[in-house]
Amino acid sequence: MRIELTVNGVAREADDVWEGESLLYALRERLGLPGSKNACEQGECGSCTVYLDGAPVCACLVAAGQAQGREVTTVEGLAGDGLDPVQQAFVEKGAVQCGFCTPGFLMSTKDLLDRDPAPSDPEIREALAGNLCRCTGYEKILDAVRTAAANR
Ligand code: FES
Ligand code: FES
């Protein structure tokens, strides 16, 4: 089937989409947007987090067909002329090691700060509970979120 959707503000379409195909697969393999990562494909790790009509979802759990006519924002859509403050804070604080989890953390952090510009540490931990990182030990990620909140 063909799907038509808006991705990062641009009208896109993809052909030959299989009924069971995930939005994550369509974004990465059909639309040339490999920023969202496939780590578990089971909704457990958050590395595939994108916004669907403004709400964060695990793109591995959303069927591509469900995005028909809807708006998707991926990590590629975060930066404008320069890095988004959240991206800048992750760089500044060294909150990236292998980087596989990073796109998901960026999307979840931006969503948190859009809802709550000054979250407490427990609120940050709760908001990021669905994002797993195997490298950083999370402290630098927490630092980055605090810095992003302060800089925005
Ligand atoms: S790849 Fe989607 S949650 Fe892990
Ligand atoms: S930086 Fe490697 S999984 Fe998070």
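Predicted model: local features only at pLDDT ≥ 70, side-chain atom pairs only at ≥ 80, totals over all residues.
At 30% relative accessibility, D121 counts as partly exposed.

## Salt bridges

A search of the whole structure finds 10 salt bridges.

| Pair | N to O distance | Sequence separation |
|---|---|---|
| R2 and E13 | 3.3 Å | 11 residues |
| E139 and R125 | 3.8 Å | 14 residues |

R146 is partly exposed, and its relative accessible area is 31%. For D121 the corresponding value is 30%, which also counts as partly exposed.

The salt bridge of E139 with R125 has its closest N and O atoms 3.8 Å apart. Here E139 lies in helix α5 and R125 in helix α4, so that distant parts of the chain, 14 residues apart, are linked. E139 has a relative accessible area of 44% and is partly exposed. R125, with 47%, is likewise partly exposed.

The remaining pair of the table, R2 and E13, forms a salt bridge at 3.3 Å. R2 is in the segment before β1 (3-7), whereas E13 is in strand β2 (residues 10-14). R2 is partly exposed at 41% relative accessibility, and E13 is partly exposed at 43%. How do R2, E13 and D15 come to be joined into one network? They are joined by salt bridges that share partners.

## The two domains

The chain is divided into domain 1, residues 3-76, and domain 2, residues 85-150. Taken over C-alpha atoms, the centres of domain 1 and domain 2 are separated by 21 Å. In the interface, 15 residues of domain 1 are in contact with 13 residues of domain 2.

What area is buried between domain 1 and domain 2? It is about 1100 Å², and carbon and sulfur atoms give 63% of it. Across this interface, the rule finds 0 salt bridges. Polar contacts, by contrast, are found there: 5 residue pairs are in polar contact across the interface of domain 1 and domain 2. On the side of domain 1 that touches domain 2, strand β3 (residues 49-52) gives the most, with 3 residues. Sorted by class, that side of domain 1 has 6 nonpolar, 7 polar and 2 charged residues.

## Helix α1

Helix α1 spans residues 23-30, and L23, L24, A26 and L27 in this helix are buried. With 3.6 residues a turn in an α-helix, residues three or four places apart point the same way. In this model, the buried residues of α1 pack against β1, β3 and β5 (71-73). After α1 comes G32, which has a positive phi near 70°.

## Two loops

The loop between α4 (121-127) and α5 (139-151) contains T136. Is T136 buried or exposed? T136 is buried, because its relative accessible area is 13% and the limit for a buried residue is under 20%. The side chain of T136 reaches the backbone nitrogen of Y138 at 3.1 Å. Leaving aside residues up to four places away in sequence, T136 touches A95, Q97 and I141.

C98 is placed in another loop, the one between α2 (85-92) and α3 (102-115). With a relative accessible area of 58%, C98 is exposed, since exposed means over 50%.

Terms used:
Residues numbered from 1 in each chain as written. Chains lettered and ligands numbered in written order. Heavy atoms only, no water. Domains from an automatic or database assignment. Contact = heavy atoms within 4.5 Å. Buried area = accessible area lost by both parts, 1.4 Å probe. Salt bridge = Lys/Arg side-chain N within 4 Å of Asp/Glu carboxyl O. Polar contact = N/O pair within 3.5 Å; in protein donor to acceptor, adjacent residues only side chain to side chain. Helix = DSSP H or I, 4+ residues; strand = E, 2+ residues; numbered from the N terminus. Nonpolar A, V, L, I, M, F, W, Y, C, P; charged D, E, K, R; others polar. Buried < 20%, exposed > 50% of the residue type's maximum accessible area, 1.4 Å probe, protein only.
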